[in-house]
Amino acid sequence: MVLAEMGDRIKGALQQMRNATVVDERVFTECLNEISRALMAADVQIRMIGTMQANIRKIVNLKERAAGHNKRKIIQQAVFDELCCMLDPGKPVFVPRKGQPTVVMFVGLQGSGKTTTCAKYASYYQRKGWKPALVCADTFRAGAFDQLKQNAEKVRVPFYGSYTETDPVKVAEEGVERFKKERCDMIVVDTSGRHKQEAALFEEMRQVAEVTNPDLVVFVMDSSIGQAAFDQAQAFKQSVAVGAVVVTKMDGHAKGGGALSAVAATKSPVIFLGTGEHMDEFEAFEAKGFVSRLLGVGDLSGLMDRIQEAVPLDQQFETGKKLQEGNLTLRSWCELNQISIQTMGPVLMSKGGEKEGQAKFKRYMTMMDSMTAEELDSTNPCKLMKDSRINRIARGSGRHLHDVHEMLEAFRKFKEMVPAKMLKGLKNSKSGGMNAQHLSNALPPQMLQQIGGVSGLQRMMKEFSGRNFPGLK
Ligand SMILES: Nc1nc2c(ncn2[C@@H]2O[C@H](COP(=O)(O)OP(=O)(O)OP(=O)(O)O)[C@@H](O)[C@H]2O)c(=O)[nH]1
């Protein structure tokens, strides 16, 4: 996927800027130019690139920045924010409410993957306990109903359509009405993707939207359409109120930059990515997480750079070195989390809400303040924790005993899940080149089992590095 290449190039440009002895106008301009070239190579519209450059320049404004500002950090943050903005213009997307009848209409040109996406979307909600239904309002293409029916049967979602009715507006209206009566809470309407004349297609979309009154209109685009995405998306937007974008075929060799153009044209965020023909090859999309992964800030080696940037020299406590050696202490764990919270949310902590994770970590930090240097720098602090020490830490930080136990347990679990060999492996890996199979062989069998086998390990690696590891299937 060229988007990954684009990410690598942007990352490279930022790295070069960070490595420069002095960040002046020349270094900044070169960094921006390389980022622009990377975006251009990924088929992002030139106009959008120009806007992005101007926005970053406005935020960074080197001339006005007094000495002492961390220019590297400011530039990096501005690039990150602008990329996020390109994928999510910030307009709140409609959030359906379980149990309440919701109609979502899908539009897009033929072959974009719309019918497949409708079924994937319905199935996604079904897995979350919703009651979805599919309506085939494509009466133009012979076989469209059969295709939707097949997909619907595959995912066991009720469907509605007709072999004989030629009016898509009528079918859409009947289908939605029927499923509303049946108390379905996620009614997905698939529409036609072609017509004898383009104008007729857009008029049809308008009419289907009028009778079904959708809560959300989703524009589906094939990731390989490149620059054409802007005009295509805009044409649909002018007929119906597109509120979200789904980009399909991200598993192919598409450049993917077109997605950014579709977002700009519709001023709507990308909400899902299609990553294959199978029904479960569908991923919820979140711009910040995606850009973090694209730029590698979710990557441990990227994290090493961030450690150097974010933790003052006199407080670094050799976090990076300890990671490289695989010697994780409470202190380096704390620093890792601080940095990950600043850059990408608490990914290094157990799963759970981001806010909850941050609050939890703040509690941990307060407790760590009451610990001795010996305890903080021990690779096995649990061993040092006699009852009297736990009591003292709880009292000193104003927390309960069970809070201290919880923190120690969280650290122990993290250490257990990410053993020294793995930290070393992650650190030593080059982009995409980690021999994951080798890593799984290095783990004790019980641990591999605990992680969820090789596929669990792959998921974990993905979380750490934000990359796919093609060698592991
Ligand atoms: N590799 C890959 N193929 C996909 C993906 N999504 C859809 N496809 C395939 O793309 C082809 C076209 O998908 P459809 O769902 O029929 O497209 P459509 O937009 O509904 O087309 P019309 O019904 O002609 O308007 C099918 O062969 C799908 O299996 C995806 O995310 N990845």
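Student: Which helix is Lys170 found in?
Tutor: Lys170 is found in helix α7, residues 168-181. Helices here are DSSP runs of H or I with at least four residues, strands are runs of E with at least two, and both are numbered from the N terminus. Residues are numbered from 1 along each chain as its sequence is written. This is a predicted model, where local features need pLDDT of at least 70, side-chain atom pairs count only at pLDDT 80 or more, and totals for chains, interfaces and linings use all residues.

Student: Why is Lys170 called partly exposed?
Tutor: Because 16 other C-beta atoms lie within 10 Å. With C-beta atoms placed from the backbone, 20 or more within 10 Å of a residue's own makes it buried, 12 or fewer exposed, and in between partly exposed.

Student: And how far is Lys170 from Val208?
Tutor: In space, 8.3 Å from C-alpha to C-alpha; in sequence, 38 residues.

Student: Switching to the whole chain, how many helices and strands?
Tutor: The protein chain has 23 helices and 8 strands. Of its 473 residues, 42% count as buried.

Student: OK, the ligand. How many residues surround it?
Tutor: There are 21, and the closest are Gln110, Gly113, Thr115, Gly193 and Gly274. A residue is near a molecule or strand if its C-beta atom, placed from the backbone, lies within 6 Å of it.

Student: Which helix gives the most to that shell?
Tutor: α5, with 3 residues. Both α5 (114-127) and α6 (144-155) supply at least two residues each.
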